[in-house]
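Subject: Handing over a structure, with notes

Dear colleague,

Please find below the structure I promised to pass on to you. My notes on it follow directly after, and I would be glad if you read them with the coordinates open.

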Amino acid sequence: MRHSAALLLCCAATNAFVSPRAATRRPLAARRATESDDELAVYGAGGCAASLVVLYSEFTLKTTGCGLPAGPFGLVGAAEGISYLAIIGIAGASLATKAKTGSGLPAGPAGLLGAAEGLAFLAIVSGFAVLGFQLADYGYIPNAVPIEGGVCS
């Protein structure tokens, strides 16, 4: 009985020094961040550009057996790598939103984010198709970084 009273006293005292206004505030985790139309347009335009880079990279891989060259200062290779990461991020965000809300990403202004979402999934599916063709046609997958004396160097 004495332990129950002490526990009740401790629990009651934890909110004793909290102002009524602070006690009624919603927790920070319950707040949801919302993006402005400008941010959605930037995300959509960046996602569309990244998807187009990936689709061009996959086309190059299918036709030549090698990916895009590194380019000056490695900028083309860097853009390719970042684009692959971006479409994985867009697809992941779309799947997470679909699991939470039952629908994918919002269309965004001028439908840019919706277009980026569709192009990202198209690039992923075509990437698996190109992977199959690469193995069937050439029997190998090129290295991410070309090696000295390799087929794609």
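The buried residues of α5 are covered by, among others, α3 (37–64) and α4 (75–101), where buried means under 20% relative accessible area, exposed over 50% and partly exposed in between, with a 1.4 Å probe and protein chains only. The residues of α5 that are buried are Leu113, Ala116, Glu117, Ala120, Ala123, Val130 and Gln134. Please keep in mind that this is a predicted model, in which local features need pLDDT of at least 70 and side-chain atom pairs count only at pLDDT 80 or more, while totals for chains, interfaces and linings use all residues. Residues are numbered from 1 along each chain as its sequence is written, and side-chain values use heavy atoms, with hydrogens and water left out.

Helix α5 covers residues 112–137, and because its 26 residues should span 38 Å at 1.5 Å a residue, the 36 Å between its end C-alpha atoms agrees with expectation; the expected span is 1.5 Å times one less than the number of residues. After α5 comes Gly139, which has a positive phi near 80°.

As for the chain overall, its secondary structure consists of five helices and zero strands, and the order from the N terminus is α-α-α-α-α. Helices (H or I, at least four residues) and strands (E, at least two) are DSSP runs, numbered from the N terminus. Of the 153 residues in the chain, 18% are buried. Among contacts (heavy atoms within 4.5 Å) with a separation of 6 or more, 63% join residues 24 or more positions apart. The accessible surface, from the Shrake-Rupley method with a 1.4 Å probe, is about 10,700 Å², and carbon and sulfur atoms hold 69% of that area.

The largest nonpolar core contains eleven residues, namely Leu40, Cys48, Ala50, Val54, Ile87, Ile90, Leu105, Leu113, Ala116, Ala120 and Ala123, and α3, α4 and α5 each contribute at least two residues to this core. A nonpolar core is a set of buried Ala, Val, Leu, Ile, Met, Phe, Trp, Tyr and Cys residues joined through side-chain atoms within 4.5 Å. Val54, one of these core residues, is in contact with Ser83, Tyr84, Ile87 and Ala123 once its neighbours within four places in sequence are set aside.

Ser83, which lies in α4, counts as buried because its relative accessibility is 7%, and, not counting residues up to four places away in sequence, Ser83 touches Ala50, Val53 and Val54. Ser94, also found in α4, counts as buried because its relative accessibility is 4%; leaving aside neighbours within four places in sequence, Ser94 is in contact with Gly104, Leu105, Glu117 and Phe121.

Pro69, by contrast, sits in the loop between α3 and α4 and counts as exposed, because its relative accessibility is 57%. With neighbours within four places in sequence left aside, Pro69 is in contact with Val76 and Gly77, and its C-alpha atom is separated by 9.6 Å from that of Ser57, twelve residues apart along the chain.

Finally, Lys62 lies over the face of Phe133, at 5.0 Å from the ring centre, the criterion being NZ of Lys or CZ of Arg within 6 Å of the ring centre and within 35 degrees of the ring normal.

With best wishes
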